[in-house]
Each structure stands twice: as C-alpha cells, then as structure tokens.
Amino acid sequence: MNEEINELISHYEEEKTQLELWIKGAVEQSDYKSAHVNQKALIYINNHLRIFKALNDPYYLKKEEYENHISLYEKISLNHEQISDYIKEQIQKIRMNLDDLNSRKIAAFHDGQEFDDAVFDLVENKI
C-alpha cells in the first residue's frame with residue numbers, strides 16, 4: 001500500500017505545482033476569478049496531500065504542526081526583538097521535538113484484503 005500512497009502523493013504534488021503556476025499567472029494577468037477557482041482547487045489538493053502523507057507517516061501532522069510553530073516564532077522574532085531570547089529557546093525546544101519525531105522509525109504498513117474490502121465498502125457507502 002505504501003507504493004500506491006507514494007504514487008498518489010507524487011501525482012498530487014505535480015498537480016499542486018501546476019496549480020500554483022496557474023494561480024501566479026492568473027494574478028499577473030489580473031484574472032482574479034480564475035485565480036480564485038484555482039485557489040479552491042489548490043486547497044482541495046493540499047487537504048488530500050495532508051491525508052495521504054499522514055497515512056504514509058503517522059507523525060506527519062505533528063511534524064507539520066512543529067514546523068508551523070517554528071515559522072510563526074521566526075516571524076514574531078523579526079518584529080519583537082525584546083523577546084527574541086525567549087523565542088529562540090522555544091524554537092530550540094520545538095526543533096528538538098521535531099528531531100525526535102524525525103528519528104523515529106516508521107513501521108511498514110502491509111494491508112490485507114480485509115483493509116481493501118473496508119476501504120471499498122466506505123467508498124461505495126456500504127458502511
């Protein structure tokens with residue numbers, strides 16, 4: 001199953017890149033309606049990417065949360081130099097937690113027919 005998820009992630013990453021280019025081009029041409037439609041599609045793609053990456057890596061959502069916190073703290077530190085020491089400490093703590101998650105081994109997930117049947121039943125609204 002990991003191969004299929006990786007293939008889906010790759011496909012969605014390509015789609016995301018293309019949408020980002022289309023949005024950039026639409027904004028440059030002042031075609032905001034097209035940019036808006038493509039932005040909605042990009043949100044849809046990003047949500048699916050998060051789901052597939054979380055299936056592939058059980059720590060993905062927590063890692064993403066830590067990375068967002070680091071980014072936020074770095075932006076805050078640019079505007080508030082008086083608390084920069086505190087922010088540096090927080091960033092260091094978060095990076096240690098992130099390194100801990102990155103160092104954990106992820107067990108391979110081998111699904112069986114039962115899992116496939118459950119997924120198909122969900123897709124077909126039998127469950």
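An α-helix has 3.6 residues a turn, so residues three or four places apart point the same way.

This is a predicted model: local features need pLDDT of at least 70, side-chain atom pairs count only at pLDDT 80 or more, and totals for chains, interfaces and linings use all residues. Residues are numbered from 1 along each chain as its sequence is written, and side-chain values use heavy atoms, with hydrogens and water left out.

## Helix 2 length

Helix 2 covers residues 32-56, 25 residues in total.

## Nonpolar cores

A nonpolar core is a set of buried Ala, Val, Leu, Ile, Met, Phe, Trp, Tyr and Cys residues joined through side-chain atoms within 4.5 Å. The largest has nine: Ile5, Ile9, Tyr12, Leu19, Ile23, Leu42, Ile45, Leu49 and Phe52. Helix 1 and helix 2 each give two or more residues to this core. Helix 1 supplies the largest share, five residues.

Beyond its neighbours within four places in sequence, Leu19 is in contact (heavy atoms within 4.5 Å) with Asn38, Ala41, Leu42 and Ile45. A second, separate core has seven residues, including Ile87, Ile94, Leu98 and Leu101.

## Whole chain

The chain has five helices and zero strands; these are DSSP runs (helices H or I, at least four residues; strands E, at least two), numbered from the N terminus. Of the 127 residues, 20% are buried.

Methods
Expected span 1.5 Å × (residues − 1). Buried < 20%, exposed > 50% of the residue type's maximum accessible area, 1.4 Å probe, protein only.
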